[in-house]
Amino acid sequence: SNSLEPLEEGRLPSRRPSRRARMWGVVMVVLSTGRLSAGRLSTGRLSAGRLSARPTVRMIATSTDKVAAAMRYVPLGSSGIQVSSCCLGTMTWGSQNTDDEAFDQLERAWQSGVNFLDTAEGYPIPMNEETQGRTDRAIARWLSKTGRPRESVILATKVCGYNDRFTWFREGGGPTRVSAAQIIESVDASLKRLNTDYIDLLQIHWPDRYVPIFGSPRYDATKVRVGEVTFEEQVAAMGLLLKSGKIRAWGVSNETPFGLCEFARVCDAVGVQRPVSVQNSYSLLGRSDEIGMVEAMVRLGVTYLPYSPLSAGVLSGKYAGLKVAPKGSRLSLFGGGSYFDRYEASQAPSAVAEYTAIAAKHGLTPSAFAIAFCDARPFPISTIIGATSLAQLDDNLAGFAVKWTAEMEADCERVYAQYPDPWRMLVRDGG
């Protein structure tokens with residue numbers, strides 16, 4: 001359904017961007033030379049080229065108006081917060097993207113009806129001491145420069161889970177943990193970087209306890225660590241932050257059905273608000289959460305925030321036929337190219353080729369189709385997208401204006417039956 005759900009007073013984003021905003025939307029144009037180009041159209045001047053006269057153009061991209069009109073708004077669990085079905089990811093801002101590029105992405109997203117963005121104390125990725133915090137500061141500059149009302153921006157961030165190599169995050173040094181003291185220290189530091197006095201959604205980026213998210217996806221009982229921070233301690237910290245007003249709601253990420261259910265049980269026992277969201281990797285190439293996590297979320301009233309809906313970009317089709325990962329791509333940033341080799345050695349390229357053909361059949365780009373698939377799931381969902389260029393961002397946003405059909409669903413199920421979960425990008429320090 002593309003019906004607009006009622007929003008809290010003061011939280012309804014603009015349904016129709018200004019004429020100036022629409023003119024500055026990304027337009028795909030075919031020039032008289034027959035060459036396909038992309039740029040910003042303003043007063044008849046194409047900024048991507050040297051054409052200064054009024055060019056003959058044909059719009060073939062989804063406009064921000066159309067995306068904004070189609071954008072749905074869903075409840076964020078039991079929090080009372082309404083979020084757009086698109087959440088803008090931010091993890092490249094400060095590494096692959098400049099602050100100015102982050103600003104442009106934020107403006108484009110908000111023109112398209114987005115009201116929700118997701119950052120983390122460790123961003124940008126890859127996480128390292130030199131760049132840590134740049135993403136938050138870029139967001140703060142955007143909020144300050146635009147004067148956008150804080151209540152019109154649903155701001156989510158994340159506190160790091162256990163990592164014995166991340167020794168630069170806390171004042172006392174040592175590994176990151178999800179202890180009460182570290183959660184509170186993390187929130188205070190995030191509030192300072194973001195230049196705000198509250199966070200709408202605080203998430204545990206990955207658990208303190210061992211879970212199989214880095215390395216093999218199979219649970220290995222021999223890797224269980226002694227001295228895990230208890231669920232009770234983590235919930236107590238969330239209760240303190242909720243009571244203080246520093247956060248409005250909290251959630252989990254890279255979590256399992258057991259973890260979500262145990263957090264809910266402890267919350268009920270001590271009278272703290274349950275987690276309202278789960279942020280896990282999910283895409284046409286990785287649907288394992290449908291097996292157990294979706295049931296847990298539905299029964300507990302939790303909203304799903306799937307990240308990597310393009311499966312580290314491979315569902316865009318940009319790796320098709322390549323022998324090495326392009327410089328600056330996700331598969332080139334981690335593991336010295338080994339992630340591309342793993343991808344090529346799996347069944348994923350074959351699955352991507354099938355999904356790409358289905359997208360073309362329905363007149364969509366591979367990226368828009370893959371994101372539309374996520375957006376059409378029959379449970380509360382806000383899909384996190386990320387891009388390093390405005391062209392990529394517009395392609396992703398177009399997925400939220402797609403009317404999903406039974407035929408599209410059947411086409412996906414046919415490929416899924418042949419290639420069930422063919423590949424999972426297991427990124428160390430990938431965020």
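Let's start on one side of helix α14, where A406 and A417 are exposed. Keep in mind, everyone, that this is a predicted model. Now turn to the other residues of the helix. Which residues of α14 are buried? They are M408, D411, C412, V415 and Y416. Look down the axis of α14 and you will see these buried residues fall within an arc of 135°, so they line one face of the helix. And what does that face pack against? The buried residues of α14 pack against α11, residues 348-361, and α12, residues 366-375.

Helix α14 runs over residues 406-418, which makes 13 residues, and at 1.5 Å a residue it should span 18 Å. The C-alpha atoms at its ends are 19 Å apart, which agrees.

Let's zoom out for a moment. The chain contains 14 helices and 13 strands. Of its 431 residues, 53% count as buried. The chain exposes about 18,800 Å², and carbon and sulfur atoms supply 53% of that area. Here is one for contacts: take those in the chain with a separation of 6 or more, and 73% of them come from residues 24 or more positions apart.

Next, the strands. Eight of them form an open sheet with parallel pairing, in the order β12-β11-β10-β9-β8-β7-β6-β13. Which strands stand at the edges? Those are β12, at 303-304, and β13, at 383-385; each has a single partner strand, so one side of each is left without a neighbour in the sheet. Inside that order, look at β6, residues 86-89, and β7, residues 116-118: they pair in the parallel sense over two bridges. If you want to find a bridge on your screen, go to G89, whose partner in β7 is D118.

Now for charges. Side chains of opposite charge can pair when their charged atoms come close. In this model, the count comes to 22 salt bridges. Let me show you a few.

The side chains of D99 and R141 meet in one of them, at 2.3 Å from N to O. D99 lies in helix α3, residues 99-111, and R141 in helix α4, residues 134-146, so this pair ties together parts that are 42 residues apart in sequence.

E262 is at 18%, and because buried means under 20%, E262 counts as buried.

One last stop: R150, D200 and R248 are linked in a network of salt bridges.

Note on methods. Residues are numbered from 1 along each chain as its sequence is written. This is a predicted model: local features need pLDDT of at least 70, side-chain atom pairs count only at pLDDT 80 or more; totals for chains, interfaces and linings use all residues. Side-chain values use heavy atoms; hydrogens and water are left out. A salt bridge is a side-chain nitrogen of Lys or Arg within 4 Å of a carboxyl oxygen of Asp or Glu. Helices (H or I, at least four residues) and strands (E, at least two) are DSSP runs, numbered from the N terminus. Buried means under 20% relative accessible area, exposed over 50%, partly exposed in between (1.4 Å probe, protein chains only). The expected span of a helix is 1.5 Å times one less than its number of residues. The arc is that of the directions from the helix axis to the C-beta atoms. Contact means heavy atoms within 4.5 Å. Two strands pair if DSSP finds at least two bridges between them. Accessible areas come from the Shrake-Rupley method with a 1.4 Å probe; for residues, only the protein chains shown count as cover.
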